[in-house]
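Have the sequence and the model open as you read.

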Amino acid sequence: MEKKAFERKIPHFLQPFLWSVNIADLDVDKDRIYIINQLLAFGDMRALAWLFQHYSLQELKIVFSRHGLKIYRKSGFFFVKDILLGPRESFDPVKYVSAKF
């Protein structure tokens, strides 16, 4: 189902978490790998709420497992893996964690 035009725009409050690009240039579908990883790794509760409203849990799991980026802090990685996506999933921290703290 096609999302309405206003739902496809990235809200301004997400710009601090998507700092490497202008949010006006992002597309919710085409840029989902970047958006999902950035918001999972760096987003606050409001950003995570937006993320879960615009992408299904299955889509988040697929992007995290197949297109995960090595940008997560160790604590953030385990928060995403164990709390947001579910502890039954098996993800290797070496693929995701960029710092040891």
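Let us begin with Tyr72, which has 1% relative accessibility and therefore counts as buried (buried means under 20% relative accessible area, exposed over 50% and partly exposed in between, with a 1.4 Å probe and protein chains only). A word on the source: this is a predicted model, in which local features need pLDDT of at least 70 and side-chain atom pairs count only at pLDDT 80 or more, while totals for chains, interfaces and linings use all residues. Residues are numbered from 1 along each chain as its sequence is written, and side-chain values use heavy atoms, leaving out hydrogens and water.

**Aromatic rings**

The structure holds 10 aromatic pairs. For such a pair, the ring centres of Phe, Tyr or Trp (its six-membered ring) lie within 6.5 Å; planes under 30 degrees apart are stacked, over 60 edge-to-face and the rest tilted. Two of the pairs are set out here.

| Pair | Geometry | Centre to centre | Angle between planes |
|---|---|---|---|
| Trp50 and Tyr55 | edge-to-face | 6.3 Å | 75 degrees |
| Phe64 and Tyr72 | edge-to-face | 5.4 Å | 85 degrees |

Trp50 is buried at a relative accessible area of 6%, and Tyr55 is buried at 5%. Phe64, the partner of Tyr72, is buried too, at 0% relative accessibility. Phe64 and Tyr72 also belong to one aromatic cluster with Phe77, Phe78, Phe91 and Tyr96.

Elsewhere, Arg46 lies over the face of Phe13, 3.7 Å from the ring centre. The criterion is that NZ of Lys or CZ of Arg is within 6 Å of the ring centre and within 35 degrees of the ring normal.

**Helices α2 and α4**

How do the axes of α2 and α4 cross, and at what angle? Helix α2 (residues 32–42) and helix α4 (residues 57–67) have axes that come within 10 Å and cross at roughly 95 degrees, so the two are roughly perpendicular (65 to 115 degrees; under 35 is roughly parallel, over 145 roughly antiparallel and the rest oblique). Helices here are DSSP runs of H or I with at least four residues, numbered from the N terminus.

From α2, Arg32, Ile33, Ile36, Asn37 and Leu40 meet Glu59, Leu60, Val63, Phe64 and His67 of α4, where contact means heavy atoms within 4.5 Å. The residues of this contact divide into six nonpolar, two polar and two charged.

Helix α4 also holds Lys61. With 19% relative accessibility, Lys61 counts as buried. Leaving aside neighbours within four places in sequence, Lys61 is in contact with Leu85 and Glu89.

Definitions and conventions: Axes are lines fitted to C-alpha atoms, for helices over the stretch in contact, and angles run from 0 to 180 degrees between N-to-C directions. Ala, Val, Leu, Ile, Met, Phe, Trp, Tyr, Cys and Pro count as nonpolar, Asp, Glu, Lys and Arg as charged, and the others, Gly among them, as polar.
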